[in-house]
Amino acid sequence: MPRRELSELIDVLTPAMEAQREQVLRARRGHERLVAPSTGAKAKLTSADRVLVTVLHLRKIATMDLLGRLFDTTAMTISRAAKDVRPLLEAQGVRLPASTARFRTPTDIARFLDLDKSKIKPTC
């Protein structure tokens, strides 16, 4: 997915993710907010990170554990982000084919990015 397309996707999905988060929080509280938005506990991942993590997960590029380490969070947080963002991607008509690249450790990624080594073929 080109960087520009990913950026546009993030711009489109961010308001929907914020509305979804507010709806979940309201259901959990059982009433409207008593304090202003953006107070309280902060999300572990930004909206852009949530979309990026979901795209990487759906392309099957890395395990959730590795994505958690790369984004300095847990695999459970990655799983929740993917679960929340996936329906929004599907509503936008985004289809992501699986990649031929598979990474399990940060060393695998470093080896892949090394310019002197052979590259993994793209899916298209």
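Biologist: Which helices each supply at least two residues of the lining of the largest pocket?
Modeller: α1 (3-29), α2 (47-58) and α4 (75-91) do. Helices here are DSSP runs of H or I with at least four residues, strands are E runs of at least two, and both are numbered from the N terminus. Keep in mind that this is a predicted model, where local features need pLDDT of at least 70 and side-chain atom pairs count only at pLDDT 80 or more, while totals for chains, interfaces and linings use all residues. Residues are numbered from 1 along each chain as its sequence is written, and side-chain values use heavy atoms, with hydrogens and water left out.

Biologist: And what counts as a pocket?
Modeller: On a 1 Å grid over the protein atoms alone, a pocket is an open set of points where a 1.4 Å probe fits, with protein on both sides within 12 Å along at least five of seven lines; lining residues have an atom within 4 Å of a point.

Biologist: How much space lies in the largest pocket?
Modeller: About 950 Å³. That volume is the space filled by probe spheres set on the grid points, which are joined across faces, edges and corners.

Biologist: Which lining residues lie nearest the centre of the largest pocket?
Modeller: Arg21, Leu25, Arg28, Ala43 and Arg50, out of 30 residues that line it. α1 gives the largest share of that lining, with nine residues.

Biologist: How many nonpolar, polar and charged residues does that lining have?
Modeller: There are 12 charged, 10 nonpolar and eight polar residues. Asp, Glu, Lys and Arg count as charged; Ala, Val, Leu, Ile, Met, Phe, Trp, Tyr, Cys and Pro as nonpolar; the others, Gly among them, as polar.

Biologist: OK, zooming out. How many helices and strands does the protein have?
Modeller: Five helices and zero strands, and along the sequence that reads α-α-α-α-α. The C-alpha trace spans about 55 × 30 × 20 Å along its principal axes.

Biologist: What share of the 124 residues is buried?
Modeller: Buried residues make up 27%. Buried means under 20% relative accessible area, exposed is over 50%, and partly exposed is in between (1.4 Å probe, protein chains only).

Biologist: Back to α1. Where does α1 bend?
Modeller: At Leu13, by about 35°, with Pro15 following within four residues. The bend is the angle between axes fitted to the seven residues ending there and the seven starting there. End to end, the 27 residues of α1 reach 38 Å between first and last C-alpha, close to the 39 Å expected. The expected span is 1.5 Å times one less than the number of residues.

Biologist: Which residues of α1 are buried?
Modeller: Leu6, Leu9, Ile10, Leu13, Met17 and Leu25, and these buried residues pack against α2 and α4. Contact here means heavy atoms within 4.5 Å.

Biologist: What follows α2?
Modeller: Lys60, whose phi is positive. Lys60 sits in the loop between α2 and α3 (64-70), and its phi is near 60° even though Lys60 is a residue other than glycine. Lys60 is partly exposed, at a relative accessible area of 48%.

Biologist: And Asp72, buried or exposed?
Modeller: Exposed, because its relative accessibility is 73%. Asp72 lies in the loop between α3 and α4, with a positive phi of about 55° although it is not a glycine.

Biologist: Which residues is Met64 in contact with?
Modeller: Leaving aside neighbours within four places in sequence, Met64 contacts His57, Ala75, Ile78 and Ser79. Met64 belongs to helix α3 and is partly exposed, with a relative accessible area of 24%.
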